[in-house]
Amino acid sequence: MNKQQLFLDKTSTAFKILELSSEAYVLTDALSNIILDCSTKLCSLSESTMENIIGQPLHSLFEVDSKEEFSTILGGYLQYKKEKYAQQLPLKKNDGTCISTIVTAYQGDHVTVSEDINCFFIREAIDNKLEEDVLEIKKMFQNVLDTIPTRIFWKDTNLNYLGCNNKFAQDAGIKSGERIFGKTDYDLAWKKEEADFFRFIDKRVIESGQAELDIIEPQLNADGTETWLETNKSPLLNFKGEIIGVLGTYTDITHRKKAEDTIKQHSRDLEIKNKELEQFAHITSHDLQEPLRSLSSFVELLSADYNDVLDETGKTYLNYISDSANRMRNLITGLLEYSLLSREIENETVDCSALLQEIIKDLAYIIEDTQAQIHINALPVLYSKPTQLRIVFQNIIQNAIKFKKRNTPPVIYISVENKGDLWQFKISDNGIGFNPSYSDKIFSLFQRLHNKSDYEGSGIGLAYCKKIIDLLGGAIWADSTEGAGSTFYFTIKK
């Protein structure tokens, strides 16, 4: 059965509806778009004869550069067979002039002649201002799409491209977004593996009806460069809410990805260096402790065996040597402990009130000896590192007791304040205080503000505290006035 027999049943209901339409109709072969039949209204519009129209390709009726351009213009018809699809096109008249027309493709059940035949309606665009406004809106919309830095594209359910903006077209290796219609990912600049992946995600979005967001993926561009993309894909819906394809957008995050990779590499390098440093500190401290132990042993032997021989000056020298060896041992031990603070330790539930009571028990002798008073307000329960928090509280409390005024019992107040996602702890005392210009210096290793003969210590304690608080993601600082006590603050994440 030939085409003529398929559609030239002029007595059919479909043809009666076509003839009754106020618009001109054209029937074309679905494969070649050759005109098979048309209405007399079209002859009137074009001022031509039916014999001159039938048998010609549809695009020859209009003022377009090529068949390909016309296919792009009316390409949406192939996707929206069950819906109205319209475009404004210039219809050529027999005298060479053109008139503005609206071409509508529609294949509703009441006008379907055959699956092998396309049906188009053509009417003159009488309200030119309205049509110009419509075209201006479409042009503005396309300009918006082409201006924004985000790449945008949309496909049909067969994963054929329906459109895109120019940024996407450049990545894909085509001149403009208009030329992408009907192409697939295999026709573009991507590798086959990339095209397979893109289509796999597209198909999953269409089948599930669910958007897939923040997909991080590599893409090889037409210029040979590789970029990293952050892609979002969602179902493309028609006005009825039916899924007719997939809409995708992506942003070039190559610079961000490179920065993240650099940070990760630096973190790995830093982790290796920290482990090496930790190992070095452990070995060094062990090697340094050995001669100190020998030195202390010989000092003890000299004191025991030659105590009667040595005069007071000799005994004083031995005491100096012994004290210096002990201080050196404490410094080495402190350095080793400081270097090990950054080790990974699992967080635990920490009841700060209970932790403070344990510290007070451990410091019972010095508290009793100095008649210190410690006042503790209600403290929170944290999810943190109990051992490291103990070091912070204990060092600050010990300093408050150590740096007390002469003949004045130390009084210490410990409280906390809610600061959003942080707890801000406050530990204040009535001690000797310090010059506020040294408020940063006191947290550095081996920095002392007082003579060793007046106040013992290694100068490591507050450096411990700062490193711990830094590792816990908080901050530590101090306010003070000489002779009027000090207040230490530190923050901990909730």
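Student: What should I know before I start?

Tutor: The model is predicted, so to speak: local features need pLDDT of at least 70, side-chain atom pairs count only at pLDDT 80 or more, and totals for chains, interfaces and linings use all residues. Residues are numbered from 1 along each chain as its sequence is written, and side-chain values use heavy atoms, with hydrogens and water left out.

Student: How many cavities of 30 Å³ or more are there?

Tutor: A cavity is a set of points, on a 1 Å grid over the protein atoms alone, where a 1.4 Å probe fits but cannot get out; lining residues have an atom within 4 Å of a point. Points are joined across faces, edges and corners, and the volume is the space filled by probe spheres set on them. Here the count is one, and the largest cavity has a volume of about 70 Å³.

Student: Which residues lie nearest the centre of the largest cavity?

Tutor: They are F153, F168, F198, Q219 and Y250, out of 13 lining residues. The elements giving two or more residues to this lining are β6 (151-156), β8 (212-220) and β9 (226-237), and β9 has the largest share, with three residues. Helices (H or I, at least four residues) and strands (E, at least two) are DSSP runs, numbered from the N terminus.

Student: Is helix α15 enclosed or open?

Tutor: Buried means under 20% relative accessible area, exposed over 50%, and partly exposed in between (1.4 Å probe, protein chains only). Helix α15 (residues 461-471) is largely enclosed by the rest of the structure, because eight of its eleven residues are buried. Among them are L462, Y464 and K467. After α15 comes G473, with a positive phi near 80 degrees.

Student: Are L159 and N407 buried or exposed?

Tutor: L159 is buried, at 8% relative accessibility, whereas N407 is exposed, with a relative accessible area of 79%.

Student: How far apart in space are T254 and W228?

Tutor: Their C-alpha atoms are 4.7 Å apart, although the two residues are 26 apart in sequence. T254 belongs to helix α10 and is buried, with a relative accessible area of 9%.

Key:
On a 1 Å grid over the protein atoms alone, a cavity is a set of points where a 1.4 Å probe fits but cannot get out, and a pocket is an open set with protein on both sides within 12 Å along at least five of seven lines; lining residues have an atom within 4 Å of a point.
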